[in-house]
Amino acid sequence: MISKHSHEQSDRGEGVEVVQNEPYEDPAHGKGQCTEKRVYLNSKLPSWARAVVPKIFYVTEKAWNYYPYTITEYTCSFLPKFSIHIETKYEDNNGSNDKIFGSEAQDVDREVCFVDIAYDEVPERYYKESEDLRYFKSEKTSRGLLKEGWRDSQQPIMCSYKLVNVKFEVWGLQTRVEQFVHKVVRDVLLLGHRQAFAWVDEWIDMTMDEVREFERATQEATNKKIGIFPPTISISETPLPCYTHSGPSSAPSTPLATDAPEFLSVPKDRPRKKSAPETLTLPDPADRVPRLRMPSLRLPQRSPSHQPSDANPQ
């Protein structure tokens, strides 16, 4: 799902470049998969962000997958004090385990947010009727349609629990930016998990070898699509000691904000929860810094013989 989504949303110069996708073994969590991606998304940023970032920059995603336990980390190429850390655990229940991350996570201030893949609001630019799970039914598995109260009646069911930490250590902007990023991450997770269910007939019959081959071919095509031509991507059979990571880590996660496809169906009227705003209002520096009145300054006027013909006499 992630490989397909990345390919759909990539275009020349922008998108998701796969730098590495290799087996990895952790002493505590055993065998897993290690990935590194670069997400180029300058044109996809809100206007307030484009005004302060370089024209070319990228977000680095490093992920380690020891399913059913994963970690994903995001850093920015020009903001060393910005990071997103997502820890994920999967359980076969409907989200009823409120102590899945242990007592350590309970001690910190946090907000618990349920993401309903069928009835939460999706930003209009990302809505597709074919991915509306209220009307989708799988041909191969007969799962769906997801009606009101599906979390208590649907079987089989699994919950993806995510502990999301956002850090932006810049005085004066920290709280607002961190809250904004949390809302954006929620929208990304909502869209990605809707697609994972809506595309079930495409992946339900795949073996792991077929999944890895699909990833390899799609990643190579995506890198070429955004104009990056690295050496041929190889997914080796032998774990490589390419990363040293003190803790467990995550599967490739859904890319950050993306542009909407050109073909979007007009959504039906549907009651949904509010999602992330598209703009962020930052404080006006002028409100915090007193304005200084500069005294007027008069300069001696040049002699006409030395003054350019179009010069301003003042």
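**Strand pairing and aromatic contacts**

Let me begin with two residues, Phe 82 and Phe 168, both of which are buried, a word I use for under 20% relative accessible area with a 1.4 Å probe and protein chains only, with exposed meaning over 50% and partly exposed in between. What we have here is a predicted model, in which local features need pLDDT of at least 70, side-chain atom pairs count only at pLDDT 80 or more, and totals for chains, interfaces and linings use all residues. Residues are numbered from 1 along each chain as its sequence is written, and side-chain values use heavy atoms, leaving out hydrogens and water.

Now the rings: there are 3 aromatic pairs, counted when the centres of Phe, Tyr or six-membered Trp rings lie within 6.5 Å, with planes under 30 degrees apart called stacked, over 60 edge-to-face and the rest tilted. Phe 82 and Phe 168 make one that is edge-to-face, at 6.1 Å centre to centre and 70 degrees between the planes. Because Phe 82 lies in strand 5 and Phe 168 in strand 6, this pair ties together parts 86 residues apart in sequence; strands here are DSSP runs of E, at least two residues, and helices runs of H or I, at least four, numbered from the N terminus.
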